[in-house]
Amino acid sequence: MASANSTNLGEKPIAKLLVQQAAPASIGILVMSLNILIDTIFVGNWIGSTAIAAINVVLPVSFFIAALGMAIGIGGSSIISRALGANNQKKAVKTFGNQISLTLLLTISLVIIGLVFVDSLIPVFGGKGDIFEPAKIYYTIVLYGVPFLALCMMGNTVIRAEGKPKFAMIAMIIPSVGNLLLDYILINQMGLGMWGAAWASTASYFFCFAYVFWFFISKNSELKIRLPDFQLHKTIISEIGSLGFVTLARQAVVSIIYLLMNNILFDLGGEDSVAIYAIIGRMLMFALFPVLGVTQGFLPIAGFNYGAQKYHRVKKSINTAILYACGLGLLVFGGIMLFAEEIVGIFTQNPKIIAETPNAMRWVFAATPIVAIQLIGAAYYQAVGKAIPALLLTLSRQGFFFIPLILILPGYFGEIGVWISFPIADLLSTLLTAYFLNREIRLKLRPATSR
């Protein structure tokens, strides 16, 4: 039998469940985003705007390797949620053991490759001119901590799949608080510059890993793995891979976008334009925290009830999640439109960046009220184990629409063409997702098939 904690996902009212799952997820994402945001403010004010650009160059490499952990986590957690819903504890535990082995094998291998080719990778991702040296310092140190970050991201999704969102929230808060404290000590007090920023990030990843490790060996987790569970199982790895590839592909596209954006903006406006994108990127991570929290809270509810064949609850969870997320997205939109100038002034004293960033930021956030439909729709297919539509809808926003737009529009409109690409891609991908999600609800989640 599934434990009382996971069984609640199939019994409690959907609206109440979604709040219980989404609130801790939102708080965790908020704190993590605040960490990135404040870290950027610290770096910008204590080191300089070039340091902000340098960190932005490193992010696609380190985040892609760490995203392997998230991909394995989300892919495996979909299996775990459905297995718990079907009372198959053995499969859930075996899946978790395979997740750990796969995460370690892949991330450590990629870290070694990343360190060997450090001088070649940094310029490719936009680390040119004055950006190269600080980017290399940050990249080299942070890469040592990336396997710990990957294990944290993998473990966090599994904790959520068990129906323990508060523990998942704490796992996200610990590295954020640790990073900010170490930033203050290492950068401001000890004057270590980029070295301090990098070691603060790396140490914070280890703090998170220590907490996640404690959770799974404590009585709080229902997934008690044994040594044989670590042995890779072909069927499980294949299922984790097919579902996790959706997340990995999304992060791969994000890394490609960073590569393209950094190079396009560097050519259009130099280091300052790269720094503008870095600030907007941090705001995208921060401001959308409530929408992303609802999406994270939705995943285990949809997966568990789909596994239990309670399709009416799956349909209700989709509708409720979209309603809540769109409402929160509207609030975010209003805040950005009203306070863009004030927000930018927090990050830097560079006059050009202060003058140009607010307008760019407003364009980037223009479609925020509707983007929740795209996020929830893609998440639904991943939650229920339908890898192909999940992959296509996940890639539609950034891969199929955004990348072609940023390659075409700047040629006609210059730098403004980069920024207007964001809302156009959001609108097109939302329309596409809404069509397929509505079709899925009508054909697959009909009340007559519910139990």
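Reply:

The protein chain has 17 helices and zero strands; both are DSSP runs numbered from the N terminus, where a helix (H or I) needs at least four residues and a strand (E) at least two. This is a predicted model, in which local features need pLDDT of at least 70 and side-chain atom pairs count only at pLDDT 80 or more, while totals for chains, interfaces and linings use all residues. Residues are numbered from 1 along each chain as its sequence is written, and side-chain values use heavy atoms, with hydrogens and water left out.

Aspartate 426 has a relative accessible area of 7%, so it is buried. Buried means under 20% relative accessible area, exposed means over 50%, and partly exposed lies in between, with a 1.4 Å probe and protein chains only.

What does aspartate 426 contact beyond its neighbours within four places in sequence? Its partners are Val364, Ala367, Val371 and Arg397; a contact means heavy atoms within 4.5 Å. Serine 396 is 30 residues from aspartate 426 in sequence, and their C-alpha atoms are 9.2 Å apart in space.

Alanine 425 and isoleucine 403 are 22 residues apart along the chain, with 8.9 Å between their C-alpha atoms. Isoleucine 403 belongs to helix 15, residues 387-408. It counts as buried because its relative accessibility is 15%. Leaving out residues up to four places away in sequence, isoleucine 403 touches Val253, Ile256, Ile257, Leu260 and Gln398.

The nonpolar core comes next. A nonpolar core is a set of buried Ala, Val, Leu, Ile, Met, Phe, Trp, Tyr and Cys residues joined through side-chain atoms within 4.5 Å. The largest one here has 138 residues, and those with the most contacts inside it include Trp419 and Tyr380. Its largest share, 16 residues, comes from helix 3 (residues 49-85). Tyrosine 380 touches, among others, Phe298, Ile318, Leu437 and Glu440, with residues up to four places away in sequence not counted. In soluble globular proteins, nonpolar side chains tend to be buried together.

Asparagine 305 is a second polar example, in helix 11 (residues 289-307). Its relative accessible area is 0%, so asparagine 305 is buried. Apart from residues up to four places away in sequence, it touches Leu9, Gly10, Lys310, Arg313 and Val314. Val314 is also one of the residues touched by tyrosine 380. Asparagine 305 and asparagine 262 are 43 residues apart in sequence but 42 Å apart in space, C-alpha to C-alpha.

Finally, the whole chain. Of its 451 residues, 59% count as buried. A compact globule with 451 residues would have a radius of gyration near 22 Å, and the chain agrees because its value is 21 Å; the radius is taken over C-alpha atoms, and the globule rule is 2.2 Å times the number of residues to the power 0.38. The C-alpha atoms fill a box of roughly 60 × 45 × 35 Å along the principal axes. Among contacts with a separation of 6 or more, 82% join residues 24 or more positions apart.
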